[in-house]
Amino acid sequence: MGPRIRSSMRSRTGGMWWGTTIEAPDPSGLAKFYAELLDWRMGHEEPGTAVVAASPQGPFLVFQQADGYRAPVWPPADGDQRPMMHFDFQVGDLDSAVAEAIALGATVAEFQPRENVRVLFDPAGHPFCLCRDDD
């Protein structure tokens, strides 16, 4: 085997932010949903963009305006917008976590793949999972 090649971005230094960007028809509304769901704080808002932060150092969820947004379908179906990514959140009590998410504006997907996982949709229609570990 040859020498190991450093694979990190050399221009990144300590303290630089990182996060995931999600398209949404209402970035501020979706950011507020996740801020409440995760008990994170709103980090920044401007027209077309809203940021939710776990802490001042991140990680960050960035929500950006998407004109012509089409919500993905679950389960995936040919010809429809497929989910490109989704969040998984571990919870201690699946039923109460589902109830809390619904109270914030989530909806439960009809198709559920496993007993210890609940697939829900956020207010913009992105799927996310609440997962209870049975270990």
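This is a predicted model: local features need pLDDT of at least 70, side-chain atom pairs count only at pLDDT 80 or more; totals for chains, interfaces and linings use all residues.
Four strands form an open sheet, ordered E1-E4-E3-E2, with mixed pairing. E1 and E2 (41-46) are the edge strands, each pairing on one side only. From one strand to the next, the twist averages 20°.

Now take the pairings in turn. Strands of a sheet pair through backbone hydrogen bonds, either parallel or antiparallel. E1 (residues 19-24) and E4 (residues 60-65) run parallel, joined by six bridges. Here Ile 22 stands opposite Phe 63 in E4. E4 also pairs with E3 (residues 49-53), this time antiparallel, through five bridges. Val 52 has Leu 61 of E4 as its bridge partner. The hairpin of E3 and E4 has six residues between the strands, and in it Gly 58 takes a positive phi near 100°. E2 joins E3 through five bridges, and these two strands run antiparallel. In that pairing, Glu 45 stands opposite Ala 50 in E3.

Next comes the helix. H1 covers residues 27-38, twelve in number. From first C-alpha to last it reaches 16 Å, close to the 16 Å expected at 1.5 Å a residue. H1 lies across E1, E2, E3 and E4, and runs at about 160° to E4. Which residues of H1 are buried? They are Pro 27, Leu 30, Ala 31, Phe 33, Tyr 34, Ala 35 and Leu 38. An α-helix has 3.6 residues a turn, so residues three or four places apart point the same way. Leu 30, Tyr 34 and Leu 38 are among the buried residues of H1. After H1 comes Asp 39, with a positive phi near 60°.

Finally, look at Leu 130. What does Leu 130 contact, leaving aside its neighbours within four places in sequence? The list is Phe 89, Val 91, Leu 94, Ala 97, Val 98, Ala 101, Asn 116, Val 117, Arg 118 and Leu 120.

How values were computed: Residues are numbered from 1 along each chain as its sequence is written. Side-chain values use heavy atoms; hydrogens and water are left out. The expected span of a helix is 1.5 Å times one less than its number of residues. Buried means under 20% relative accessible area, exposed over 50%, partly exposed in between (1.4 Å probe, protein chains only). Two strands pair if DSSP finds at least two bridges between them. Contact means heavy atoms within 4.5 Å. Axes are lines fitted to C-alpha atoms, for helices over the stretch in contact, and angles run from 0 to 180 degrees between N-to-C directions.
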